[in-house]
Amino acid sequence: MNSGITNVYVTTSDCSTLVVEAITPFRYTINKTLRNAYEINLGCKLIMAPDTIRIFDGLVNTVTVIEKKDKSFILVNLEYPSSYRVKLEQGVLQKLTIFFDWSFITNILNNKVIIIDPGHGGRDLGYRGYINLLEKNVVIDIANYLKQRLNFYGAHAIMTREKDITMNLTDRIETALLLEADIFIGLHTNWDSDKYVNGAKGTYKGEKGQLLCDNIIEELGKKLRLQNLGIREDANLCVIKENHYVNKIPHVNIEVCTISNPVEEGWLRSPVFKERVAVAIMNGIVRYIVWHARL
Ligand SMILES: [Zn+2]
């Protein structure tokens, strides 16, 4: 009978949990190799194929599983510093579980007021895909996932509309003003007359908006391999006159992918895809705060 590692995977909730399963007992050691990287040495072979698993859950970026001279190695690349604890379960299946803690990220998000603005709504349908998917419905789903996720990790996220209602931009921005928001994120989809055009893009206002927008579009590329169609400044964002709102908080509109592309329209029907979009957007928000807006 073959013996060795059969399965390696990561799940995410209040921590990132790496699970290593084997059909025989194995010894292990865990070493910190770089600032945010760990190497797990396992004293047995691989049964599963060597692989680099792309996680990008916000903390764990990638997990690489390799075999060298009858031993297996798992390289865990993290985005931020994290401590870990280990649980080993022995049985027919030996299971090693490593919990990476999220306190760095929850500290970053703690009490940040984040306004999520699902574009369009009500009579304003937004763009329509070839198979009749409507932008106004897609963006509210993504907004719900994003709000739940941000609040779960300690932020204070609020949606400008929770229902399918018509709203103007002034009312949406008014919400952000009232709540003294730290970040304002509009959610949209891209549309192009050429149905082969695909990918994500964004608009922003001001220097902070540019940094936030850039980080979010980059994370959509990492997590979902969406093509980066670029970002540009839009002077029409935050058009409340005689108000310094614009200078205070970054305002971005993210066109999460292209609804006129039949493949991406198909993805937008999938709850799993929409949830993954929300993960990528949150990753971009955290990275923006860590690198550019930490107080
Ligand atoms: Zn739109």
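Within it, I53 has V63 in β6 as its bridge partner. The model is predicted.

Strands of a sheet pair through backbone hydrogen bonds, either parallel or antiparallel. Now look at the two ends of the order.

A second open sheet has four strands. Its order is β1-β2-β9-β8, again with antiparallel pairing. The edge strands are β1 (5–12) and β8 (84–89), and each of them pairs on one side only. The twist from one strand to the next averages 15°.

β1 and β2 form a hairpin, with two residues between the strands. Strand β2 covers residues 15–22 and runs antiparallel to β1, to which seven bridges join it.

Strand β9, residues 94–101, pairs with β8 in the antiparallel sense over six bridges. Here E89 has K95 in β9 as its bridge partner.

Step back to the whole chain. The domain assignment gives domain 1 (5–101) and domain 2 (106–292). Their C-alpha centres lie 33 Å apart.

Now the helices. Two packed helices are described by the angle between their axes and the distance between the axes. Start with helix α4 (residues 206–224) and helix α7 (residues 271–292). They pack at an angle of about 135°, with their axes 8 Å apart. That angle makes α4 oblique to α7. The crossing of α4 past α7 is right-handed.

Which residues of α4 meet α7? They are L211, L212, N215, I216, E218, E219, L220, K223 and L224. Facing them in α7 are R276, V277, V279, A280, I281, N283, G284, R287, Y288 and H292. By class, this contact has 10 nonpolar, four polar and five charged residues.

Helix α2 (residues 135–152) also packs with α7. Here the angle is about 50°, and the axes are 8 Å apart. That makes α2 oblique to α7. The crossing of α2 and α7 is right-handed.

From α2, the contact takes in D141, I142, Y145, L146, R149 and L150. From α7, it takes in K274, E275, V277, A278, V279, I281 and M282. How many polar residues does the contact of α2 with α7 have? It has no polar residues, with nine nonpolar and four charged ones.

Finally, follow α7 itself. V277, V279 and I281 are among the α7 residues that meet α4. V277, V279 and I281 are also among those that meet α2. Select these residues, and both helix contacts come into view.

Terms used. Residues are numbered from 1 along each chain as its sequence is written. This is a predicted model: local features need pLDDT of at least 70, side-chain atom pairs count only at pLDDT 80 or more; totals for chains, interfaces and linings use all residues. Domain bounds come from an automatic or database domain assignment. Axes are lines fitted to C-alpha atoms, for helices over the stretch in contact, and angles run from 0 to 180 degrees between N-to-C directions. Angles under 35 degrees count as roughly parallel, over 145 as roughly antiparallel, 65 to 115 as roughly perpendicular and the rest as oblique. A crossing is left-handed if the near helix is turned anticlockwise from the far one by less than a right angle, and right-handed if clockwise. Two residues are in contact if their C-beta atoms, placed from the backbone, lie within 7 Å. Ala, Val, Leu, Ile, Met, Phe, Trp, Tyr, Cys and Pro count as nonpolar, Asp, Glu, Lys and Arg as charged, and the others, Gly among them, as polar. Two strands pair if DSSP finds at least two bridges between them.
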